[in-house]
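Thanks for making the time this morning.

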Amino acid sequence: MSVNVSYSNQSYNCLVGPYQVAMVIFTITKILLILPLCILVLFVGHQRWRQRSPGATLSHFDILTYHLVAIEILNVIVAILNVWITYADLPSVWIAFKIAFSVSFPGQLLYQCLTSIDRYLAVVHPIIYLRLRNRNAVQIIYISSGFALLLCAAVFVVFYECAEELINIPVFSVLVLSLIVVSFCSLSVLHALKRPGPGEGGGADQFKQRAFKTTMAILTVLLLWFVGILVGFALSTSGAVVDQCLPVSIGFFFSFPGSLVIPLLFLHRVRKLPCCLYNSE
């Protein structure tokens, strides 16, 4: 059955049955797959924070990972609210969804970009990266990332309240900008890893090969995520399909690998990944 699903001032032509099934599957998968992983990352991070030596600072990667998993948990809440809306279009639930989505969607992309920039500086500009590994630089990261997230959320809220029919403008803008940043940083890292360094031995070559494969895997899943969502939004807004909601929901399924890659890398780095056996050495 095709109906107009109306959220505030915006109306979508949706085949309610397929859209509801897709969103329920998406939400259940997030609850079962993403949420436990994010909780484990925060639990391990809290243990490491309690065991750290006095005066020690967290690495940039750890800070960004903790922020990213917090955003992922909020994104699980967004998915639950979205399912709630599809079954009961309550104004209060819709307001909560708009606020949560305005933080979680740009937040996901922001912290993926920041982790890419962190890898870029560590590999391409190591001297600058080492200078940034102090308490003042960490505080700058906290403040700047928080300000950028609040700015993005404010833009989304303004569009929701004043020009909801144009909400795809900030969505596309954030997606395209994130795609450019992540692609540039990752390709620069891959290019730097392919270049031979002075006096490198076999161990350094093996380390570079592992780093190259890891960066390539990260770039692949993030491109899959960004391109999938972009294609979903493009099909939804172009009028090329009868069901305007289903392409967007399917596009968000491509976000699963991107949501998993950073938490899994963190757990593997601290040797806490449940599916792996680690040597005691």
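Predicted model: local features only at pLDDT ≥ 70, side-chain atom pairs only at ≥ 80, totals over all residues.

**The pocket and its surroundings**

The lining of the largest pocket divides into 15 nonpolar, 5 polar and 8 charged residues, where Ala, Val, Leu, Ile, Met, Phe, Trp, Tyr, Cys and Pro count as nonpolar, Asp, Glu, Lys and Arg as charged, and the others, Gly among them, as polar. Residues are numbered from 1 along each chain as its sequence is written, and side-chain values use heavy atoms, with hydrogens and water left out.

A pocket here is an open set of points on a 1 Å grid over the protein atoms alone, where a 1.4 Å probe fits, with protein on both sides within 12 Å along at least five of seven lines, and lining residues have an atom within 4 Å of a point. The largest pocket holds about 1,100 Å³ of space, the volume being that filled by probe spheres set on grid points joined across faces, edges and corners. Of its 28 lining residues, Arg119, Phe207, Ala211, Thr214 and Arg269 lie nearest the centre. Helix 7 gives the most to this lining, with 11 residues, and helices 3, 4, 6 and 9 are among those that each supply at least two.

Turning to the whole, the protein chain has 9 helices and 2 strands, taken as DSSP runs numbered from the N terminus (H or I, at least four residues, for helices; E, at least two, for strands). Buried residues, meaning those under 20% relative accessible area with a 1.4 Å probe and protein chains only, make up 43% of the 281 residues.

Why do I call helix 2 largely enclosed by the rest of the structure? The reason is that 20 of its 28 residues are buried. Helix 2, residues 60-87, should span 40 Å at 1.5 Å a residue, and its end C-alpha atoms are 41 Å apart, which agrees; the expected span is 1.5 Å times one less than the number of residues.

Finally, Val270 lies in the segment after helix 9 and is buried, with a relative accessible area of 13%. Leaving aside neighbours within four places in sequence, Val270 is in contact (heavy atoms within 4.5 Å) with Val44 and Arg48.

Notes:
Buried < 20%, exposed > 50% of the residue type's maximum accessible area, 1.4 Å probe, protein only.
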